[in-house]
Amino acid sequence: MHPSSAERVPDARHSPWIENRPSRKWIPRLDLLELWASREITLVLALRNVKTRYKQTLLGVAWTILQPLTAVAIFSLVFGRLALVPSEGVPYPVFVFTGLAVWLYFASASNLASESLAQHRELVTKIYFPRLHAPIASVLPGLIDLSISLLAVGVFMVIYDVAPTPAIVLLPVWILAAPVVALAVGVWLAALNVQYRDVRNALTFLLQVWFFATPVVYGSSLLEGRWSFLLALNPMAGLIEGFRWSLIGAPPPGMWALGSFAMGAVVLVSGLTYFGLVQRRFADLV
Amino acid sequence: MSRAHSIEVHAVSKRFRLGERRYVTLRETLASSIRRDRVSGKSRPELWALRGVSLTVHEGEILGVIGRNGAGKSTLLKILARITEPTHGVTRTRGRVGALLEVGTGFHPELTGRENVFLNGAVLGMKRREIQRHFDDIVAFAGIERFLDTPIKRYSSGMYLRLAFSVAAHLEPDVVVIDEVLAVGDAEFQRRCLGRMSDFAREGRTVLFVSHDLGAVARICDRGVWLDEGTVAYDGPVRESIERYLDARGERASYVEYAPDPDRPVQLVAAGIATPAGAFLDAPRRDEPFAVRARLLVRERVTGLDVKVYLVTRTGLRVLEENLSDSHEGRFGEHPGEWETSVVVPPILAAGDYVLGIAVRSPYERFLDEEILTFQLWPAPHERQEAIDRNRIVQPPVEWRVTPPSRS
């Protein structure tokens with residue numbers, strides 16, 4: 001019955017001192033080495049999100065596919081049939097499904113990330129771990145849904161007779177880029193949400209506006225020209241058009257995509273910096 | 001022989017801006033940063049939870065930290081565990097720090113016992129391999145083998161606690177900081193907690209133990225630090241620290257009222273010694289029954305709310321411990337308002353000094369509230385001084401009979 005930990009007598013004398021001192025006001029503290037060393041925390045938190053999601057649900061994984069399918073049906077009817085929105089020469093349902101799969105992943109991952117600290121008070125106030133694990137763990141589980149959706153897009157491609165092009169070799173790049181973009185936004189939201197309760201309301205609104213400003217239900221060609229700057233400022237625009245190019249053979253994104261990728265990097269770096277500046281106060285605030 | 005230090009605290013202070021614990025809206029912050037007016041930064045009221053605290057702890061030492069609510073005990077632990085930063089000063093710890101500020105942090109009710117062991121172990125800082133290595137021990141120590149694959153929301157509160165503590169007990173930290181774990185769980189659980197803490201120290205680990213339970217502190221700690229209003233009021237042998245703490249409370253009163261704290265869901269507002277009929281007593285006598293009365297303000301409903309009353313002698317011996325739930329069957333604390341409890345203690349204790357503890361608790365919650373007050377139980381009116389001075393714990397009404405030798 002006795003815990004077997006007695007077998008190892010700790011020899012702390014050779015361990016380094018760990019210090020806790022006030023951090024300087026304008027220097028972000030991130031400690032990426034420690035983050036890497038404790039990477040298992042990201043995994044268990046992500047697993048917890050995955051496991052709790054499907055426990056005690058009747059349809060389980062079916063929900064993953066039901067939501068985008070319903071949206072695809074509605075948008076195909078409204079924009080594809082009635083409004084005749086351009087879809088870059090690809091059948092509209094295949095076109096919108098690709099966009100929606102990526103967008104829904106982004107929306108749910110950034111939502112989960114925004115709540116990752118504010119909703120887990122006990123994790124923040126009762127134990128120490130590098131706080132960045134929480135938003136990182138939030139953007140991983142959605143990748144399962146995204147993969148399932150992309151497989152379903154493949155089925156649609158067979159049905160609508162859409163053949164992939166050689167650009168498909170770049171698909172893994174976009175799949176890796178998706179969680180990075182979600183994390184860039186998620187890190188900002190997670191840090192802000194600890195401090196400001198209205199982030200939750202703002203996020204719903206923000207995602208709604210963002211959805212229509214992003215080429216999800218329409219093609220980027222609709223905005224090219226005068227409105228190209230909107231695409232260049234939007235990290236999601238490059239990501240979605242990248243997916244469409246690689247997966248369903250839509251035309252490659254224009255030069256504006258470089259701006260879009262740069263913007264993603266700016267949001268990520270600024271988000272991490274902001275997180276590093278304010279995380280020391282999380283436990284006092286939550 | 002001087003042993004190596006494993007905790008050093010150098011002139012640590014911690015400031016909280018009052019109102020910071022409350023969420024603010026973005027609009028308020030934007031407005032105040034634009035106008036730079038009274039609402040912003042400096043003029044907000046401040047609270048110094050710690051003021052220039054310094055102490056060092058040796059390897060293998062068990063240090064008890066005592067003091068009343070709000071004295072800064074929990075803040076000190078949180079800084080040592082790096083959950084929050086000090087405002088000034090620095091703390092240094094050597095080796096792995098295992099902080100047990102709450103039992104079962106990170107447990108998820110929908111997940112099974114097995115899944116939660118890995119989840120909880122990881123957030124406490126254990127590697128997957130370590131958890132696997134200790135898995136069987138953890139499960140055996142908790143005694144939940146049969147329920148490993150049951151979601152823990154179906155566990156009884158006792159099983160939940162045993163599992164949570166068992167995970168924490170198998171951490172292999174060099175420095176352990178523990179806050180009020182004894183505020184939850186049954187007597188058996190508390191006994192195991194204390195036993196494990198003593199083991200920790202025997203294995204050469206350093207333990208810093210915060211508790212309201214002075215009896216437990218006296219039993220397992222060598223050294224005591226009394227924190228008062230954020231400063232170290234005394235640092236020395238544990239008995240001495242408890243004596244001084246109790247003396248300084250100046251509440252050798254049979255009735256005390258406590259300041260309201262809106263952050264607490266349930267709070268003690270007053271407590272005292274009274275006659276069984278309810279009138280507060282200045283000088284309870286050992287030969288008459290007395291009642292412990294407590295008034296609680298319930299702000300929000302807490303599941304499983306319970307009141308514990310205990311009496312400890314000045315030497316740390318626990319002579320009485322009763323829970324409301326032990327015998328009370330009726331309704332208690334289920335809607336907001338001021339509730340009152342009273343428990344009558346029959347005349348069995350010896351005259352002398354006692355510490356009365358009243359704890360508000362729930363098996364499902366972290367620490368809710370606990371207060372102690374000291375009082376003197378007076379001798380019976382005609383007792384001789386020599387009889388009063390005897391060192392004994394109970395003095396129930398006894399009856400002597402004498403049978404003289406029969407003359408024959």
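Reply: In this predicted model, six strands of chain B form an open sheet in the order β5-β6-β7-β3-β8-β9, with mixed pairing. Residues are numbered from 1 along each chain as its sequence is written, while chains are lettered from A and ligands numbered from 1 in the order in which they are written. Local features need pLDDT of at least 70 and side-chain atom pairs count only at pLDDT 80 or more, whereas totals for chains, interfaces and linings use all residues.

Me: What makes β5 and β9 of chain B the edges of this sheet?

Reply: β5 (97–100) and β9 (231–237) of chain B each have a single partner strand, so one side of each is left without a neighbour in the sheet. Strands here are DSSP runs of E with at least two residues, helices are runs of H or I with at least four, and both are numbered from the N terminus. Neighbouring strands of this sheet are turned by 15° against each other on average, direction ignored.

Me: Which strands of chain B form the antiparallel open sheet, and what makes two of them edges?

Reply: The order is β10-β11-β12-β15 in chain B, with antiparallel pairing. β10 (255–257) and β15 (337–345) of chain B are at the edges because each has a single partner strand, leaving one side without a neighbour in the sheet. From one strand to the next, the twist averages 20°. Strands β11 (residues 266–274) and β12 (residues 290–298) of chain B are joined by eight bridges, and B:A274 stands opposite B:A291 in β12(B).

Me: Why is A:P215 called buried?

Reply: A residue is buried if 20 or more other C-beta atoms lie within 10 Å of its own, exposed if 12 or fewer, and partly exposed in between, with C-beta atoms placed from the backbone. A:P215 has 26 other C-beta atoms within 10 Å, and is therefore buried. A:P215 is found in the loop between α9 (199–213) and α10 (228–232) of chain A.

Me: How much of chain B is buried?

Reply: Buried residues make up 42% of the 408 residues in chain B.

Note on methods
Pairing = 2+ DSSP bridges. Axes fitted to C-alpha atoms, helices over the stretch in contact; angles between N-to-C directions.
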